[in-house]
Amino acid sequence: MTLVIDEVWPRTATWAGDQLTIGGIGVRELAAEFGTPAYIIDQAEFEARCAEWRDALTGGEVHYGGKAFLCPEVVRWLDRLGLCLDVCTGGELAVARAGGIAPGRVVFHGNNKSVAELRAAVAWGVGCVVVDSFTEIDRLAAVAAEAGVRQSVLIRVTPGVNAHTHEFIATGGDDSKFGFSLNAGLAAEAVSRVLARPSLELTGLHSHIGSQITDLEGFALAARRMADFLLACERRHGVTIRKLDFGGGLGIVHRPGDPVPPRPAEVVAVLRAVLPGHVRPAVEPGRSIAGPTTVALYEVGTVKEIPGVNTYISVDGGMSDNPRPAMYGAAYTATLASRASGAPPRVATIVGKHCESGDVLIRDLPLPADLRPGDLLAIPASGAYQRAMASNYNHVARPPVVAVRDGAARVIVRRETEEDLLRLYS
Ligand code: LLP
């Protein structure tokens, strides 16, 4: 069997003998040692993608969007590669701390940060807080004053750009829970209010128009509006604003034949084209770094054929470790990874083990007709918003994340156990 190795699979994924190998290790060995389901992350792919963004944005800052997938080991990788980190809750902040990154390289997002979260961020010394509401401007000003610091802030602006993506992950339009609307005049008012607060320092402006974006149009439009707005604010208030953060949003390919998104350098070129000379650019890619690094590995448990209707292949995970198909209609591919098969393809539906019919991972996928219990299925492009969004629905323990590189494998997030689940209950 041959595997079409393209952007869908991490760069070290290849067929060796009769099985898929990643980072030099066969999936049969990985499953035997770490069990299934498991998320296998190709560390070389992660590092290469970080480096690609970093090298595209020389003179600027790359903040990895930690919401895509974060654990202390990933924080250490980012740190070594010279990236910064975007966190959006007190929990992500705690992981950043545990990973040992310098607080000055962390940016704190969120549309409803609590006073406790703001206190923790300010006390730790985060580089920037991205203020998201008038309430938060007051809240943060008080927290910073109480701590005796002048906190650097970015103002999150919604630039009135509707990115071409799923509505749940589009964030740049006027009707958004995030940030201050440019068109409604709220962004201009936010700038005035931040400048009036002695405990806040206006470092820059921020916009993030959405996620899984595969064309440049939205980025270009948002960048132009943000650059114009920045210059208008400088003129109006006689201040210098040194940073424009364009957020994340670059999409990835999930299936061969999907639209291929631009490379980071192409996105950066669009941003630089409108960037005023004195302003440093920043970006916050999450998915485009983490997504393509990881393969989800499942074991087939049952194969049910309903003659003339459908074939259901049940795997040992499902919507608890990947809610994206159910939430966003996200489409994936999968391959039989643990053996070669010469059987003809048969169209099947891959489902999870959860107690609902919506627990579908992939619909209408041609897979070898002799697929049977015990086979391993590999789903590529599984590194972003999957393990990060995993739940314990039906009291299913969340899978581990195993990092592979040069023939060695290491658990960087261990598998949850029933003991972990029972620990919460009185
Ligand atoms: N910066 C901000 C302020 C964000 O809100 C996000 C994502 C990012 C950066 C990173 O965006 P990325 O480069 O990963 O597109 N759960 C959804 C995606 C939600 C994205 C939330 N914000 C999904 O599974 O598709």
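In this predicted model, Gln212 is buried, its relative accessible area being 18%, a value that falls under the 20% limit used for that term. The residue is placed in the loop that runs between strand S11 (200–206) and helix H8 (217–237), and its backbone has a positive phi of about 55° although Gln212 is not a glycine.

A positive phi also occurs at Asp406, which is likewise not a glycine and for which the angle is about 45°. Asp406 belongs to the loop between strand S20 (401–405) and strand S21 (408–413). With a relative accessibility of 74%, Asp406 counts as exposed, since the term exposed applies to values over 50%. Gln212, by contrast, is buried.

A further backbone feature is found at Pro37, where the peptide bond that leads from Thr36 to Pro37 is cis, with an omega near -10°. Pro37 lies in the loop that connects helix H1 (27–34) with strand S4 (38–42).

As to the strands, an open sheet is formed by three of them, which follow one another in the order S1-S2-S3 and pair in an antiparallel manner. At the edges of this sheet are strand S1 (14–16) and strand S3 (25–26), each of which pairs on one side only.

The ligand has 18 residues around it, of which Ser211, Glu284, Arg287, Arg324 and Tyr385 come nearest. In the case of Glu284, a polar atom of the side chain lies 2.7 Å from a nitrogen atom of the ligand, whereas in Arg287 it is a polar backbone atom that is found 2.7 Å from an oxygen atom of the ligand. The side chain of Tyr328 likewise contributes an N or O atom, which is 2.8 Å from a nitrogen atom of the ligand. On its own, the ligand has 590 Å² of accessible area, and the protein covers 91% of this area. The space that the ligand takes up is the largest pocket.

Terms used. Residues are numbered from 1 along each chain as its sequence is written. This is a predicted model: local features need pLDDT of at least 70, side-chain atom pairs count only at pLDDT 80 or more; totals for chains, interfaces and linings use all residues. Side-chain values use heavy atoms; hydrogens and water are left out. Helices (H or I, at least four residues) and strands (E, at least two) are DSSP runs, numbered from the N terminus. Buried means under 20% relative accessible area, exposed over 50%, partly exposed in between (1.4 Å probe, protein chains only). Two strands pair if DSSP finds at least two bridges between them. A residue is near a molecule or strand if one of its heavy atoms lies within 4 Å of it. A polar contact is a pair of N or O atoms within 3.5 Å; within protein, one must be able to donate a hydrogen and the other to accept it, and residues adjacent in sequence count only if both atoms are side-chain atoms. Accessible areas come from the Shrake-Rupley method with a 1.4 Å probe; for residues, only the protein chains shown count as cover. On a 1 Å grid over the protein atoms alone, a cavity is a set of points where a 1.4 Å probe fits but cannot get out, and a pocket is an open set with protein on both sides within 12 Å along at least five of seven lines; lining residues have an atom within 4 Å of a point. A molecule sits in a cavity or pocket if more than half of its atoms lie within 2 Å of its grid points.
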